[in-house]
Amino acid sequence: MQRFVGFVYQQVRLHGCQGRPQYIEITIRPHGGIRRRCGRCQRPAAGYDCLPERRWLFVPLWGIPTYFCYAPRRVQCAEHGVVVEHIPWSGGKRPVTCAMMEFLARWARRLSWRETARSFQTSWEAVYRSVEWFVQWGLEHRELGGVASIGIDEIHWGRGLRADNFLTVIYQIDASCRRLLWVGRRRSQATLRRGLKVLGPEVVKGLRFVCTDMWKPYLQVIAKQAGQALHVLDRFHITSHLNQAVDQVRRAESTRLRANSQKAAQRLKHLRWPLLRRRSRVRGRARQKLQTLLASKLATARAWDLKETFSHFWRYKSVIWAAAFLHYWCFRAQRSRLDPMKKVARMLRAHEPLILNWFRAKGEISSGVVEGLNNKIRVVTRRSYGFRTFEAMEIALYHNLGRLPEPKSSHRFC
Ligand SMILES: [Zn+2]
């Protein structure tokens, strides 16, 4: 076991009941020859008095809950007055040692918090507090220099479409480091401003690329605060808008056909997912069905064709040719008599400069990063149905995706 300077292990006692071990108590006493230190500045200070004995939960030894027992002393610090001495294994008022908090926090990344609590015979609350401590330490010590590109996105959370059910996330999407930088409730201008404030003016002014959705509040804040950065609309978001439009056309048409005859409606059945995939990715029976559909004169077929044509857009190298293609595509979509597709065309025209920035930033931003990080967030939020509060989920997200620095551990158990 690690030695703490200024303290000695005095006694280890195993408590049991009817021959079965229940818990271990490790009594610690101060080292006689070493001066106590102030709990705030850690400088040696004069003694004042002694407080009653406290217990701290330590990492279980041989599966038996283990506690440190120690009576903290108070010191008279020249600067801070009468305060509790510096106790190296204690993280403030928490009844858990730093080693145990680290131990629980590390496990909480592999197991759910409930499973972690059950495995190490402690409470969900203790796991929560441990992760919170771990994350706070990481956030205080993280390095934000060198952030050149960020991605901003909104994520739906929980049930319903109330404003509170959305989160705004800011990622770093540089090739060298991809991580969650910030998460906040709602998706308004105020939310994003709060997030950028946390990153600090130096980081915001140093940004070279910002990648977002077409969500208006974000566009406005970015234009104002990070005007020097190249603002790129993410490919993944545009594709998903197109897919949604195709799906809307399919659903509307399906309803219309069903009103006439069941047989006609059969043609659109089980086609939701094949329609959203790229043509080359559709195989087997779905492919046959898709081919029949495309041969028909149905609106869904035309919508799908428009969506599929748009994928050529991303292959251009030159901004000028890409712009020409975009104009041609929007022209076709406007004349398609399909309202959802017309809506997408209008949206693309309105954001044309930002969409074309994708070609100006080519090679610097890879398109799937934001999407990939979003998927990871979903994994965490889904695994954590126990997170009833935003605060708990926020901590879990930083813990899993923030790549935070970790406290130098005194004991490493996992
Ligand atoms: Zn002090």
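Before I turn to the pockets, let me say that a pocket here is an open set of grid points where a 1.4 Å probe fits, with protein on both sides within 12 Å along at least five of seven lines. Please keep in mind throughout that what we are looking at is a predicted model.

With that in place, the second largest pocket holds about 480 Å³ of space, and of the 16 residues that line this pocket, G39, V84, E85, S90 and G92 are the closest to its centre. Sorted by class, the lining of the second largest pocket has 7 nonpolar, 5 polar and 4 charged residues.

The largest pocket, for its part, contains about 1500 Å³ of space, and its lining is made up of 46 residues, with F236, H237, T239, S240 and H241 lying nearest the centre. Several elements give two or more residues to that lining, among them strand β8 and the helices α9, α11 and α13, but the largest share, 13 residues, comes from α7. Taken by class, the lining of the largest pocket divides into 18 charged, 15 nonpolar and 13 polar residues.

Let me finish with a pair of helices, α3, which covers residues 124–141, and α16, which covers residues 390–401, and which pack with their axes 9 Å apart at an angle of about 55°. The two helices are therefore oblique to each other, and α3 passes α16 in a left-handed crossing. On the α3 side the residues in contact include W124, Y128 and F134, while α16 brings residues including I395, Y398 and H399; by class, this contact has 9 nonpolar, 1 polar and 2 charged residues.

How values were computed. Residues are numbered from 1 along each chain as its sequence is written. This is a predicted model: local features need pLDDT of at least 70, side-chain atom pairs count only at pLDDT 80 or more; totals for chains, interfaces and linings use all residues. Side-chain values use heavy atoms; hydrogens and water are left out. Axes are lines fitted to C-alpha atoms, for helices over the stretch in contact, and angles run from 0 to 180 degrees between N-to-C directions. Helices (H or I, at least four residues) and strands (E, at least two) are DSSP runs, numbered from the N terminus. Angles under 35 degrees count as roughly parallel, over 145 as roughly antiparallel, 65 to 115 as roughly perpendicular and the rest as oblique. A crossing is left-handed if the near helix is turned anticlockwise from the far one by less than a right angle, and right-handed if clockwise. Contact means heavy atoms within 4.5 Å. Ala, Val, Leu, Ile, Met, Phe, Trp, Tyr, Cys and Pro count as nonpolar, Asp, Glu, Lys and Arg as charged, and the others, Gly among them, as polar. On a 1 Å grid over the protein atoms alone, a cavity is a set of points where a 1.4 Å probe fits but cannot get out, and a pocket is an open set with protein on both sides within 12 Å along at least five of seven lines; lining residues have an atom within 4 Å of a point. Grid points are joined across faces, edges and corners, and a volume is the space filled by probe spheres set on the points.
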